[in-house]
Amino acid sequence: MKPASFDYARPQSLSDALKLLAIHGDNAKIIAGGQSLVPMMNFRISRPELLIDINKIPDLDYHECSSDGHYLKIGALARHETLRNSALIAQYCPLMHKAYQHVAHVVVRNRGTLCGNLAHADPASEMPAVMLALDATMVIRSNQGERKVQAEDFFKGLYSTDIKKDEILVEVQIPILDESFRFGFAELSPRKGDYASTLVAVMFKLIKGKIESAALSYAGISDRPVRAPAAEKALLGQEPSSDLFQKVSTIVVQEIYLKKEDLESHVFQADLIQTLTPRALLNAIASHDQ
Amino acid sequence: MSNQFIEINLIVNGKSVQKNVSPRLLLVDFLRHDLHLTGTHVGCEHGVCGACNIDLDGKTARSCLLFAVQVDGAVINTVESLGTMSHMHPLQESFWEKHGLQCGFCTPGMLMSANELLKNNPNPTRDEVIEAISSNLCRCTGYQTIVDAVLSAAQEMKKNEVITS
Amino acid sequence: MNKRYIPDLDIPASRRREGPRENYSWIGKSMKRVEDPRLLTGKGKYIDDIEVPNMAHAAILRSPYAHALIKSINISEALKLPGVISVITGAEFAKLTGPTVTFSSPAVVQHAIAKDRVRYVGEAVAAVVAEDRYIAEDALELIEVVYEELPTVTDIHKMSSASGAEVLHPERGETNTASDSVFTFGPVDEDFARADLIVRRKIRWNRSGPQPMETAGAVADYDEGTGKFTVYCNTSMYTYVGWLCAVSLGVSPTQLNIIPTLAGGSFGSKLFLHRIIVLTAGLSRIAGRPVKYIEDRLDNMLNADAHGSDRAYDFELAVKKDGTVLSMRYEVIDDYGAYLQYGLGTHGNAFSQVIGPYRINSVQAHIIAVLSNKCQQGAYRGFGSEVTNFVLERMMDATAKELGMDPVEIRRRNLIRPEEFPYIIPSGNVYDIGNYQEVLNKALEMFDMSSWRSKQSEALKEGRYIGIGIVSCQERSVFSSTEFWSLNSPDQPGFQLTSSPESVSLKIDAAGKAFVKLNAPFWGNSPETVVTQIVAEALTLDPSDITVGYVDTDSGFNGTGPGGSRYTVMVAGAVVSGVKTLREKLFKFAAHMMECGTGDLELRAGMIGIKGVPDKEKSIADVAMMSHYFRLSFPDEDGFESGLETTAVYDHPLTTMPPDDRNHLGIFYPIMGHMAHLAAVEVDPKTGHVKILDYVAVHDCGTMVNPMTLAGHVRGGTAQGIGSALFEQFKYDDQSQLLTANFTDYHIPTAHEMPINIRVGHVETPSPYTEFGIKGGGEGGRMAAPPVLVQAIEDALKPFGVEFMEIPLTPQRIREILREVGH
């Protein structure tokens with residue numbers, strides 16, 4: 001399974017890369033880690049005429065706190081393995097740290113990048129769901145300038161995001177949340193490290209024993225990661241309990257699978273939603289108490 | 001259709017290499033057929049089986065998911081750099097002792113993954129070894145003796161304080 | 001020995017020359033493998049490592065349709081692409097090259113490149129030969145094929161009633177049923193009439209496949225000057241039936257030389273790569289260049305002629321209320337895919353041990369083999385017997401449940417007793433020897449059943465579901481040739497071969513070193529190691545003085561090769577035979593040198609010496625040197641020809657012909673290994689996730705040559721059984737499109753999915769029929785793991801009252817089954 005022919009460019013700067021994208025647009029593809037792109041090229045599903053290799057562009061491999069300490073900034077070439085092993089991430093983004101225990105394998109994480117993974121937008125992948133839960137901001141740049149897109153507007157569908165043909169996702173910004181927040185993650189996949197059959201990333205704020213805000217974010221159940229706003233609302237003002245979590249899971253299923261046919265063709269996912277959601281929520285409490 | 005030929009310069013198993021390659025030439029094909037280093041194997045060409053694992057600038061990478069043009073300036077080590085018939089690496093010795101291979105096809109990739117693990121974690125637990133080799137598929141052994149071999153090599157290497165490169 | 005089934009079946013006398021011994025020097029040692037150093041250092045030579053001068057590369061155009069007529073193929077654009085040497089359609093290919101090899105009779109005709117019609121997604125429609133594989137694949141995209149789609153039947157229960165345009169091979173008749181026959185062995189009706197209870201279940205075994213890490217491939221060179229093909233290939237059986245490829249190529253067998261390469265795993269998939277050989281050789285002839293064709297993984301999953309069994313059973317057991325099983329009766333539909341290369345071999349194979357280790361009196365099997373728009377079945381570790389093991393063990397468990405019996409107890413009640421061997425089973429095969437009670441007891445002890453039962457009930461109190469499985473199964477070894485044709489209709493049996501030998505060439509050089517040449521390939525089994533051990537034992541040499549190599553078909557002799565767990569047994573037979581010849585010659589020279597009779601001599605630690613006289617001896621090396629170079633020092637008589645070499649052919653130790661009426665099949669697979677597997681699992685009923693907590697496998701493979709490599713096969717086979725049981729399926733949709741055609745969708749277990757420690761135990765009941773009493777053991781792990789895991793899952797979910805009668809049991813499937821009963 002050999003890829004189709006392409007031209008290759010290895011720009012030394014982001015502006016050079018963006019200039020190339022401006023010229024070639026849809027006919028070009030950015031390669032960072034290549035762990036998702038190259039298999040598709042080898043299958044000839046993806047056939048860019050120009051491959052723009054950004055791996056040599058300096059100053060893109062970073063993850064750090066913003067100067068005001070309100071958010072984490074993760075650059076385009078930050079590799080999964082770096083983030084997975086990072087004490088900074090463990091401290092300032094526990095949800096990402098938990099989710100990383102389920103992401104792929106060392107060799108894939110050595111090359112694969114978080115931004116590349118988000119730009120690829122596999123509907124059963126962990127990090128898009130995490131970004132959606134955390135309301136992350138995608139920083140997208142073109143020759144014309146820079147814009148920001150929130151996660152909820154970023155994931156558009158199957159392998160499809162808001163990134164335009166002359167743009168690159170250069171940074172992800174993730175709000176740093178304080179001690180009142182709880183994070184949980186649960187996934188079922190065919191084998192450890194595989195994309196999920198279903199996964200849920202949860203986050204909620206607990207003030208005086210009551211839930212003040214919540215995010216329930218899912219992957220593997222649709223063509224993109226999804227939140228469950230009605231279920232999230234049902235958590236507000238409530239005290240955490242297994243019963244509450246179970247009840248809320250049912251609401252998730254109802255709001256995601258509105259049509260009977262949708263539910264009938266997603267029975268397995270519906271089951272998993274109702275099992276994994278309470279587990280993730282309970283885990284969020286238990287792991288914090290440890 | 002691209003007519004590009006791009007010159008790459010890199011170090012492979014300690015030797016300087018200079019070649020002109022077409023952009024779409026996969027690194028695994030470059031290693032196997034241009035450099036005749038046939039120890040690295042092709043199992044799937046879509047990044048799942050691990051038979052093509054090599055060491056790229058100190059970390060394992062799937063050579064079926066890299067293009068040769070991308071590794072200009074890189075330092076690559078393949079299984080041939082680990083040891084020779086007359087002077088095997090402790091990992092190779094352990095795999096031999098513990099029956100960590102049967103058909104041998106996944107073995108070079110396994111050795112590269114194991115080598116990376118022991119460089120970063122000279123005293124791994126059984127679970128950590130399993131995690132490290134979990135993206136190397138083996139159809140012959142059931143993995144158990146491979147894990148035994150890696151743990152045994154770790155013991156040996158601590159004893160000898162061998163420095164792996 | 002029981003005679004009650006087949007009174008007229010006499011078991012031929014044993015031809016064994018070397019019995020089992022108390023003290024071996026090399027046999028029984030877990031010697032490090034001879035093969036390993038080169039494999040570990042990346043110096044193994046697999047097929048894709050072979051390069052010949054001026055070599056071109058081939059790629060095949062795979063059909064996107066499951067069933068279609070080929071209306072036209074336009075290759076003109078593809079031919080224009082720079083770097084393309086030839087573009088070949090099926091019609092073009094068929095001008096010089098006939099259909100590829102098949103053991104089916106009447107033949108189900110297959111061409112290496114489809115002619116007129118494609119019958120499964122992935123079938124080769126055209127081929128390109130180009131300067132490199134990249135260009136070849138570019139050229140494939142420029143070939144325009146016009147198809148006329150035909151309908152496809154995908155429900156296994158509807159395949160035998162397919163008609164009209166649904167028929168894959170209309171020249172064979174208006175049906176996709178390749179064979180529909182009933183085999184009755186013993187008094188089935190009477191046994192069912194006297195039963196207290198009939199237990200009936202429907203059982204489904206879905207198809208998975210070997211999927212070794214290395215795909216199949218060949219490098220072929222057609223020499224226009226001599227008209228001879230030289231083909232490197234990672235195939236087996238090349239000296240046995242490889243010449244049949246020459247027939248396809250339209251040349252004399254002497255015009256085809258097949259050179260084996262190391263195979264990166266096979267598990268049956270490389271048993272006989274006739275299509276790959278015929279394809280690559282034929283392309284080389286047309287292209288006028290040597291051609292390399294290596295399957296990529298897509299080729300291998302869609303198009304490898306190597307899918308496993310795909311069966312739906314309707315099964316009945318006739319039992320007495322004390323749990324004694326009297327008889328079994330089943331109807332099985334087997335979906336073979338588009339072709340039938342091994343005929344009904346996978347059912348013949350199953351008949352070798354169809355009653356399992358139990359004293360079942362009679363068997364009736366209604367076998368319906370259907371053809372469908374899928375990749376054809378090949379050989380996969382077990383070759384159909386792993387399925388009957390699964391089905392029978394599930395039936396034993398269903399019976400135990402209906403009778404309220406413990407699963408261990410019902411097995412004990414039915415196990416054949418040690419004093420009953422050799423045991424003739426209703427289908428005519430013989431179980432040579434065994435001690436099934438000892439295997440079971442050892443397994444139970446290693447597993448600590450009572451401890452696990454306590455853990456199970458403790459877990460249940462906590463709302464966790466632990467289950468335990470226990471199975472007792474046969475693993476036949478050393479298949480014989482009649483299996484290839486004995487299930488064919490007696491009026492069209494096909495080629496009724498009765499030879500399935502193994503051969504070696506053996507020589508001792510002037511320095512006293514032994515050199516053995518094998519006629520069979522390396523698959524990951526350890527042929528060089530076991531042969532080294534056996535030769536070392538037989539000649540009292542040190543392993544370091546023995547070298548093992550492989551010959552091609554030009555120089556080779558009839559060798560059936562690995563498969564059916566036969567190689568170690570058969571090569572031991574050939575080695576013993578060859579060593580006997582060499583030893584006689586050595587003794588003749590030595591007797592002259594030491595002025596004694598040959599009867600006074602013995603081999604001891606590399607020396608030839610006079611029995612009872614420790615200081616009267618000469619080294620093998622000294623005698624060898626004399627024999628090679630000093631003819632005039634010996635009498636002018638026969639037997640003193642210079643040198644020490646021989647070839648030895650060893651035939652199957654115990655085969656008999658099936659009678660014409662086929663009321664039994666004769667003896668064809670008598671070297672009967674046996675195993676008990678036990679497993680503890682935890683199932684999460686809410687997600688369907690299964691975790692294997694503990695696993696014990698006790699095997700009886702007779703005398704073990706190398707316990708370490710045998711345990712390797714047990715664990716590796718078990719791992720594949722775990723794959724088939726829980727993870728793997730070649731899933732086709734309702735258009736017969738393969739949904740699981742890559743490693744992302746087809747889930748081969750990783751190290752994470754294995755139990756932490758598969759504990760292996762051994763029992764040895766040496767075979768009376770094989771040299772040293774060796775039995776084969778390569779397949780057994782896979783032949784017991786599926787039923788033990790399914791039983792354990794069922795046991796774990798006993799509180800939910802569900803039965804599991806299928807594989808694979810993925811989380812999704814477990815959830816579906818639980819949901820059906822309201823959970």
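Two residues are in contact if their C-beta atoms, placed from the backbone, lie within 7 Å. This is a predicted model, in which local features need pLDDT of at least 70 and side-chain atom pairs count only at pLDDT 80 or more, while totals for chains, interfaces and linings use all residues. Residues are numbered from 1 along each chain as its sequence is written, and chains are lettered from A and ligands numbered from 1 in the order in which they are written.

**Stop 1: chain A**

Select chain A. Of its contacts with a separation of 6 or more, 64% are made by residues 24 or more positions apart. Colour by secondary structure to display 13 helices and 14 strands (DSSP runs, H or I of at least four residues for helices and E of at least two for strands, numbered from the N terminus). Chain A has a radius of gyration of 19 Å, close to the 19 Å that the globule rule gives for 290 residues, so it is as compact as a globular protein of that length (taken over C-alpha atoms; the rule is 2.2 Å times the number of residues to the power 0.38). The C-alpha trace of chain A spans about 60 × 45 × 35 Å along its principal axes.

Next, colour chain A by domain: domain 1 (7-53), domain 2 (63-175) and domain 3 (181-289), with bounds from an automatic or database domain assignment. The centres of domain 1 and domain 3 of chain A, taken over C-alpha atoms, are separated by 36 Å.

**Stop 2: where chain B touches chain C**

Show chains B and C. The contact takes 44 residues from chain B and 43 residues from chain C. On the side of chain B that touches chain C, α2 (90-98), α3 (107-120) and α5 (144-160) of chain B each supply at least two residues; α2(B) gives the most, with four residues.

**Stop 3: a sheet in chain C**

Select β21, β20, β19 and β25 of chain C, four strands that form an open sheet in that order with mixed pairing (two strands pair if DSSP finds at least two bridges between them). At the edges stand β21 (546-550) and β25 (645-650) of chain C, each with a single partner strand, so one side of each is left without a neighbour in the sheet.

Zoom in on β19 (residues 502-508) of chain C, which pairs with β25(C) in the antiparallel sense over six bridges.
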